[in-house]
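Work through these exercises with the structure open. Try each task before you read its solution.

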Amino acid sequence: MFKLGRNGKFKFISTKHNKKLFVTPLITDSHLHILGLGEKLSQPTLEKKKLSEIKSVIEEIVSKRPNKIVLRGWTEEFAIPDKDFLDSINREIPIMLVRRCGHFAVVNSKVLESIDFSDSSNYVDFEEGKIKEGAIDKFYKTFGPFTDVKNNYETSKRYLKEKGYGFVHSDDLHGISQDELPFTHDNDFFVYEKVAVKGYNELLKYYELGYFNEFKCVKIYLDGSLGARTALLLNKYTDYDTYGEELWEDTELNAVVKFCEDNGLHLAAHAIGDGAIEQILRVFEMVNPKLRHRIIHAIVLKSKQIERIKKHNLIVDIQPQFIESDKVFIADRLGERVKDAFRFYDLYKSQVPFFISSDAPVEEPNWLRDIKRLKEIGIPYNYSLYQLTYGPEGIDNIDRQESMESKALIFQHDPFVEISQPKIYQIEN
């Protein structure tokens, strides 16, 4: 058989039956929300549903008298819910409907009456019940983010393992503590947790609580999403009078980058718009970090920004399925600047290393779909498959080569030439 090595090449190994099989490590999804994925898999989805259908879903849940209702997946091309719509269904139970992107939501009056939004009022439209970014976090802190944390994890884990995933980089500390994470002692499935912070003081709090004794990554959100028009752009949106949302001041961001450098922590910065990219690059140029850090998404990029990303030895974490999902609105948002979107091939050609991920629950984790899409735009299978297997071990320090002894993917044909669904080999504990 042939085993994929850390050098990116298949090495022939003589076996008893001498089968011409190709073996690789299990797949890594380098950016998702594993508890959020479990919630989505366990709850009704609002994707592609009209208002009448959404109403029926909520009414069914209300009949069970839950202490809160959180549903996700609606988008404007199918439905635009608001506070009055939710109030017409129920005013006694806190209800939040999260847009598909996760950065924008609508709530009913019960939520607005129960939470003091005075310190985040710029993220709240009280008339229509629209909330975004930090205001969504306040909902989670008040009412809790998930219906069943343990079930969410086990549901996600089963789903991911069946698709050939064995490793994920996740982001889950929204409304729950380190002690509530259900995967910290799971030796069967590896989760590399990114500790999301909204400010330098929160970072210090997590440090003092000992979070970074176990977790070695800091996650920051520099902007929102293109769909919700909260991604930060250098020029205004074509279809709305806004640049998006700038969530950090340079001085505070500078302090976070220095903290990560001083404490040996990997920084993962969510930055979708070219304005957010510009901000993080501006700070990197002031700090000149020596460690390897990551930009997640980087959907809108200028050519000179790609050059600067390479200069600072940054990894870009891409989501190929966004090409398909965002096409319904991206031309409206960007106009002629749509040429600056999804420059994955330009990153590859410029030798900027990238990870490949789903951002689940925004997208369904499907690495086979993603690797084929990247091939369509000129990125060869051998590069993508290597980045999906060995690439992330330089950050999470889990030996993928050693892991193949107990769990692996087995391809019938050379996946560098012809990619197909592999069999999953795993010795059960």
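Buried means under 20% relative accessible area, exposed means over 50%, and partly exposed lies in between (1.4 Å probe, protein chains only). The model is predicted: local features need pLDDT of at least 70, side-chain atom pairs count only at pLDDT 80 or more, and totals for chains, interfaces and linings use all residues. Residues are numbered from 1 along each chain as its sequence is written, and side-chain values use heavy atoms, with hydrogens and water left out.

**Exercise 1. Classify Asn-254 as buried or exposed, and find what it touches.**

Step 1. Locate the residue. Asn-254 belongs to helix α8 (residues 250-262). Helices (H or I, at least four residues) and strands (E, at least two) are DSSP runs, numbered from the N terminus.

Step 2. Apply the cut-off. Asn-254 has a relative accessible area of 13%, so Asn-254 is buried.

Step 3. List the neighbours. Contact means heavy atoms within 4.5 Å. Leaving out residues up to four places away in sequence, Asn-254 touches Val-283, Met-286 and Val-287.

**Exercise 2. Describe the backbone and the exposure of His-297 and Gln-351.**

Step 1. Take His-297. It sits in strand β15 (residues 294-297).

Step 2. Take Gln-351. It lies in the loop between α13 (344-349) and β17. Its phi is positive too, about 65 degrees, and Gln-351 is not a glycine. Its relative accessible area is 64%, so Gln-351 is exposed.

**Exercise 3. Is the peptide bond from Ala-360 to Pro-361 cis or trans?**

Step 1. Read omega. It is near 15 degrees, and the bond is cis.

Step 2. Pro-361 is in the loop between β17 (354-356) and α14 (367-376).

**Exercise 4. Which residues of α5 are buried, and what covers them?**

Step 1. Pick out the buried residues. They are Ala-135, Ile-136, Asp-137, Phe-139 and Tyr-140.

Step 2. Look at the cover. It includes the strands β5 (69-74), β6 (95-99), β7 (104-107), β8 (124-125) and β9 (130-132), along with helix α4 (109-114).

Step 3. Check what comes next. Gly-144 follows α5, and its phi is positive, near 90 degrees.

**Exercise 5. Describe how domain 1 and domain 2 meet.**

Step 1. Domain 1 covers 44-143 and domain 2 covers 149-424. Such bounds come from an automatic or database domain assignment. The C-alpha centres of the two domains lie 27 Å apart.

Step 2. Count the contacts. In domain 1, 15 residues are in contact with 20 residues of domain 2.

Step 3. State the area. Buried area is the accessible area (1.4 Å probe) that two parts lose on being put together, summed over both. Here it is about 1300 Å², with 53% on carbon and sulfur atoms. Arg-100, His-103 and Glu-133 lose the most area in domain 1, together 33% of what that side buries.

Step 4. Find the salt bridges. A salt bridge is a side-chain nitrogen of Lys or Arg within 4 Å of a carboxyl oxygen of Asp or Glu. The rule finds three across this interface. Glu-363 also forms a salt bridge with Arg-100, where the closest N and O atoms are 3.0 Å apart.

Step 5. Name the main contributor. Helix α5 (residues 134-143) gives the largest share of the domain 1 side, three residues.
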